[in-house]
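Dear colleague,

My notes on what was found in it follow directly after.

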Amino acid sequence: MKSLKPLLIIFIACILTSCNEEMILQEIPLDFYSPENSYRTPEHFEAAITNLYALTREVYYYKSSSYVQSFQYGTDFGRDARNPGDYSFANYPARLTSSSGYAIYWWQNMYALISSANVILNRIKNADFPSEQEKNAVIAEARFFRAFAYRILSYTYGGVPIELEEVTSPKRNYTRASRAEVYQLCIDDLTFATENLPDVTNVKADGRVSKETAYHYIAELYLATQQWDKAISAASQVIDNPNFHLMTERFGRRTNVTPRDVWWDLFQRGNQNRSSGNKEGVWVAQVEYNVPGGGDSYINERIWCCLYWNIKDPDGVMGFIGPTSQNYGRGAGSLGPTTYWATTIWLSDWNNDLRNSEYNLVRDFVYDNPKSNYYGMKVSEFPATNLDRRKDFYPFQSKITTPGDHPDELYANKETGLLLSNARVTYCDQYYARLAETYLYRAEAYLGKNDKVKAAEDINAVRTRVNATPVDPADVDIDYILDERLRELAYEERRRLTLARLGMIYERTSKYNDYDDGQTIQPYNELYPIPYSEIERNTEAVLEQNPGYDE
Amino acid sequence: MPFISKKLLLIMKLTLILFMIGFLQVSAGLYSQSAKLTLEMSNVKVMDVLDEIEKQSEFRFAYSSKYIDMDRRVSVQLTEKSIEETLQNVFGGTGVVYVIDDRHILLFPKTLDAQQPRSITGTVTDLNGDPVIGATVLVKGTTQGTITDTQGKFSITDVPEDGVLVFSFVGMKTQEVDVAGKISIDIIMEQEAIGLEEVVAIGYGSMRKRDLTGSVVKANLETFRESPNVSIIQSLQGSVPGLSVGQVKSSGENPSIIIRGQNTIDGLNNTPLIVLDGIIFNGSLVSINPADIESVDVLKDASSTAIYGSRAANGVILITTKKGESYGKPIFNYTGSYSIQTPAHDFEPLNRQEYIDRNRDIYWQQGYLAPDYIQPNPDFDPSTKWVHPRIIEGYFDGTDFNWWDAATQTGHIQNHNLSMRGKNEQTSYFISTGYTDQQGFVMNDVYKRFSIRLNVENKILDWFKIGVQSYVTQGDYSGATPNMRYIMYMSPLTTPYDENGELVYYPMGGGAAWNPFFSSEAIDSDKRLDLFANFYSEIDIPHIKGLKYRFNYSHNYRISDHNNSSKYSSNFTGGAYKYHTNSYDWTFDNIINYKKTINNNDIDITLVAGREEREYDNTKADGQIFTNIDLGYNNLSVAENQYIYSEAWNESSLYYMGRLHYTFKQKYLATFTVRRDGFSGFSEKKKFGVFPSGAVAWVMSEEDFFKNNTSFIEYLKLRASYGTNGNRTLGRYGTLARVEASQRYVFGDGVTPSIGQGITTLANSDLTWETTTGVNLGVDFAILNQRIRGNIEYYNTNTKDILYNINIPTITGYSSITSNLGKVHNHGVEFSINSTNIRKKDITWDMGVNFSLNRNKIVSILGMDNDEDGKEDDLVSNALFIGKSLGAIYDYSILGLYQIGDDIPAGYLPGQHVKEDLNNDGLFTPEFDRKILGYKDPSYRISIINSIQFKNWSLNIFVNSIQGGKKWYFAQNDPTRNIGAADNITNNNAYKWDWWTPANPNAEYQQLFQTAPIAPTVYKQRNFIRLQDVSLSYNFNNSVLDQLGFRDFKVYISGKNLYTWTKWQGWDPETGEGYEKDGIPVLRSITFGVDLTF
């Protein structure tokens, strides 16, 4: 009997361990979802679509500011303000190479967006929706983002590989399509979007793309493919829509701040969404300060505002008490404008154009350090002999920041407006697309048809709203439109994309960028290099490099 | 301080006395009462009478002829008398008295009472009951002693009643026995834990070294006991051939470990399996108090490790904790040490003047005068180059702040361990407690460990034992360090504080580097609790001799709580969090063991069936923006923004193992094992893997022909093994695609965030474990009367189905996918040779050399030949090359630096690297102008230990070295790359290195500033020789011990990382940190310690 007991234990042990191996080893994830069961219902797809918005905002407005801003500098608009520093194409051949971060940043992030859209488009086929219309609306939204990404890729790199399916196993045999093929793909996707997205009054929420958003972008693609009539008609779908108009009267949260004007209102916090009364925003990136998912890391203020608070008065005393909200925040003087932008384009209408008013285009500061003998006087009138106009003192538009309106937590002293040293980001929704640009697209289309009168009409719609002298149709050419875009859309548009679409990066940059960028740019810099790492990984086919980047 | 106060000493003595009382035994003297003697002798010497008594009976006499006249003639006529009566008859009226202690009889003159020194007799035998001849018996602390005779008997006189006898014999464990009034002492000596009889753990059992067939090494822990090693693994650094242990830089950190080269490609999954007291251990090894560890055994070859199947490919480390060992009084042991730690190599950022002067070198075109730029330009104003305002202010107001000093300190380690161990017929126990307080070199780099261990085993019945091995450890990592990278960055012209004494957010007034003291100013509590208990039972199955059943049922909870609050975080609005993690593992092992000897055949069979479950979860509550953060993390609900996060996973393993060990005539040995492993993380298609192995060995020296012909080789064994095992690199959920979801976007103003979801990983249902198959050949030998002992190993392994995140074009939407691909080959040799150079009465000198060399190469990667050259293609995008080592460095070859006046290509500047144009096309392209420059892996490792014992002194010197020869052991050491260019190098501080300027054209490193179109990385060799451990100890002799009441008392001083010979520049060659911005120095320590046993 004694020997039975241990045997019994052995027996129990064996039962404990060996029975039902399969059940014991079954694997069920605890804290993440599996693709099989999370792309089934409309709610699942809503979350997947939300992700597209987040990815796009990340790439455009915060992920890595140096690369984000690379669509602005090294053009006829932006230039480096540092030694040169990190934000720089100061030495074009050295900075823009196939191994540099610029090349991979846009490539990888745009393909990630495309892939996320493809997952939705692939999996929605088997999903249950209450109606075909609702399903198509989701498809349209996904295709909108896919087109948005291919659009950026084709402007930036030229023809790129086209992938329209969800990739479920490794693929290494990509080849480049032609730029025209990529444009056509964008047009197809956007056409579907114009047909199936809700119109602007029926979108689910502020910040969602509408039919009109799709028309805005398809108009641009028609410009790129020189289909002028289609471009005109697409742009007109937005311009003629009664739910859109250029804002002409003061509106929004800060009308009590005077003297200011409507153009200033367009860029104040909380004034971008339609719910604020703004009828000009065609598509607005949503930025919410200090909220999960708020995406509040866009550091436009820090990068584009000069380092004014470092300026000394002629006696060598610090001229400012520090960075203050009313002085446009805590600039670090990383990027400044070309002289062309800062001066030349405004000369013809210096005093009329509201966009050049002292509130909208900041050109001067008043010494505010009580210890300075120059307290209350203008820096421009009493500059120190060694005033650094490259980094400390240069013009910028106030739309990059939220003057006098920083979030409360960021003040070191609310009374003086002195900001804490962590005040650095832009606390304001951002325009992806604004009606003023739609006008300028249509003007470009009319110009393409050589209808300068109509082109001038559209340009003047934008100009008269800011009290600028209307342009004479005879003076309208592509350079004028590009200048007008600089006046109206600076900091909003991705300048490189506009110039790349027109093939004018080298021409305009070498001509108008009076800093290192303009002197070192090469004709081949018209296109970005294909990232070398991609060429290397694509082992089963050859990804052709863009000419000029072989060295 | 670890030194003993007088009060403590008193307490210890009192305790000792109490225990003595408890253990004093009263002799029953049964034999003496029953034995009857019959003597008929006339006119014989007393000595003859005593001899006759010894002959007739089991009585043994002890006496000193100095005091007792043995030649006195007597006559005795006695029949069936007791010993008492007999002695009365012989010694009556002579002034000789006697004490009868069972069979032993002590004779002494009446003038000496029982308190006087006495004689002691006894027998020394080994475990088999055979006498040990020639064993030394010494009265401790004296030179008085004797040796055992041919029957193993001894007799020793003049032993103080409270003295201690020390028994020693070559190859046996030295034993000490308290006389405690006894007049006879019989001793069973055990084989010493060195040499062939040494028992080593082999997993699910143990084996004598003599019987091993695979490559198993017992680590030499004793030599390193005097080093301040907080983790036991540090004690293995350099001491086991084939085991590579990394350096430790911060408090409470575990060093990295690799056994025998890299099998997997990414190098992340080479950690060996750790088994603690038979249980697979998933926790942190630093939570195990090194003082509790009895032995560490390392299983290296595929046949030895195959018993752990899919987890064994990286080798196995078996850790065994102490238990109650010797019969008798409990043994108390206290060890205490105090270490002082300073950087082994001084390496500090630039001071004010150096920092200012550097600007001239950065902007040499302006800082020096054209055309040759040698003469400084007097008009150069360094302040125009900085862009951060506080630097410029500091330049003018003369600020000179030493950030490095403010963030560092002299480190120390304090260690106290107290243990008690003992054993009696039923129970053996080991109880210990330890306290370690480590204060690192970096401010707030703190680790405190409190540990308690209880190992008890109880023999309930002859055939039934139960026991528990358990510990609880609290590791306290509380305190956050400053951001050392930013400490390095901070300009000496700036200070951390503003005029109000508050920390400044950006001390330099700009840049990415925020105030490095933000983190260290936080209130930080980081406590990790580790609870482990293994409940086991061992049953000798009755009626079947040799059959045993054992089960292990173990639980390990690991709980960590990391709480932190800082008024500076979350952009100065205040932030606090509580982060809680739970880990729980349980294991249930069933082990059946059967041992049988039939004639000359020894069979040892082990069968295992087991199951392991692991669970993990964490919760983080995070609060940001506090109007009042006084309550810190204890009240997160007052935070304006509150975030919650959580994660969880679980996994299951099932395993079955069988092992047959067979020995014939102690000459021919063989081991066969097979393990079947199931793991929940394996893909649906392949839930189980089977891993077989086999090994044979031949003890050549046991053969007659060998014995007859070879005199100087005492022992020679040849071993060969072959086996397969797996690497469970594939973690849980590794085959599944993931959809991750979180709050991603806010549509509108002031509304609730929306959830976004996306696929983040591709699924791969074909994934399986990596398989490593290997051969091991070994020779064990002992020559010249065991003066030289050692072993030599050769191994050769192939790993296939390697799990690897292979890069794919990001056009797919993913940058990599986990795949089973490729083959990697490793081979190497190791040897370990120990010699006794001097063995004399007062001095012994032992020396050991460990050597290991490993080479690996990639045999196959994707298996594709797209360029159709008939050879498999390299995977250049991952720097993997067929036929080359995994550590290949593929880059442009640097020929020198461009000088002023050279013909410099567009985009480049003087002082930048001249690269080799491999295809001579005048261009530099990544495709055609890169080549393999060298390899990251070491060429070989060698270490030498010398141990010298001179009287009471002992000295250990351990030198460790890793060498790279010409092509090996390279690492990136590129200050320009590491510190950054442009703005960063202008504003950020760093250390001094040999940078190019026109006046310093032959500099080691390139110019400081502009980026070049193609900037190759600079690699340097890490070769080093390190005087790693030196210790000197003194064992007090008996007279001192007597006064203090101790058995043993040792004091020592030891040094760690005392000196390093290397050409590597920067932090440390072994850590591979060169000119890193966030490097931490390796520390040199001086330790004082005591070790006392009572």
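I begin with E493(A), which counts as buried at 6% relative accessibility, where buried means under 20% relative accessible area, exposed means over 50%, and partly exposed lies in between (1.4 Å probe, protein chains only). Its partner is R485(A), and the two side chains meet in a salt bridge of 3.2 Å, N to O, a salt bridge being a side-chain nitrogen of Lys or Arg within 4 Å of a carboxyl oxygen of Asp or Glu. R485(A) is likewise buried, with a relative accessible area of 0%. Salt bridges that share partners also join a set of residues of chain A into one network, including E280(A), D349(A), R434(A), R463(A), E488(A) and E492(A).

Before going further, please keep in mind that this is a predicted model, in which local features need pLDDT of at least 70 and side-chain atom pairs count only at pLDDT 80 or more, while totals for chains, interfaces and linings use all residues. Residues are numbered from 1 along each chain as its sequence is written, chains are lettered from A and ligands numbered from 1 in the order in which they are written, and side-chain values use heavy atoms, with hydrogens and water left out.

Two further pairs in chain A may interest you. R501(A) and E444(A) form a salt bridge at 2.7 Å, N to O; R501(A) lies in helix 17 (residues 495-502) and E444(A) in helix 14 (residues 435-448), so the pair ties together parts that are 57 residues apart in sequence. (Helices, H or I of at least four residues, and strands, E of at least two, are DSSP runs numbered from the N terminus.) R501(A) is buried at 8% relative accessible area, and E444(A) is buried at 5%. In the other pair, K391(A) meets D388(A) at 3.1 Å, N to O; here K391(A) is buried at 4%, whereas D388(A) is partly exposed at 24%. Over all chains, the whole structure holds 73 salt bridges.

Of these, 3 are counted between chain B and chain A, and one pair that meets across the two chains is R744(B) with E58(A), at 2.9 Å, N to O. The contact (heavy atoms within 4.5 Å) takes 106 residues from chain B and 100 residues from chain A. The area buried between them is about 8600 Å², of which carbon and sulfur atoms give 59%; buried area is the accessible area (1.4 Å probe) that two parts lose on being put together, summed over both. Y745(B), Q757(B) and I811(B) supply 10% of the area that chain B buries against chain A, more than any other three residues.

As for chain B itself, 55% of its 1094 residues count as buried, and the chain has 15 helices and 51 strands. Its C-alpha trace spans about 125 × 70 × 65 Å along its principal axes.

Finally, W953(B) is placed in strand 46 (residues 953-963) of chain B and is partly exposed at 40% relative accessibility.
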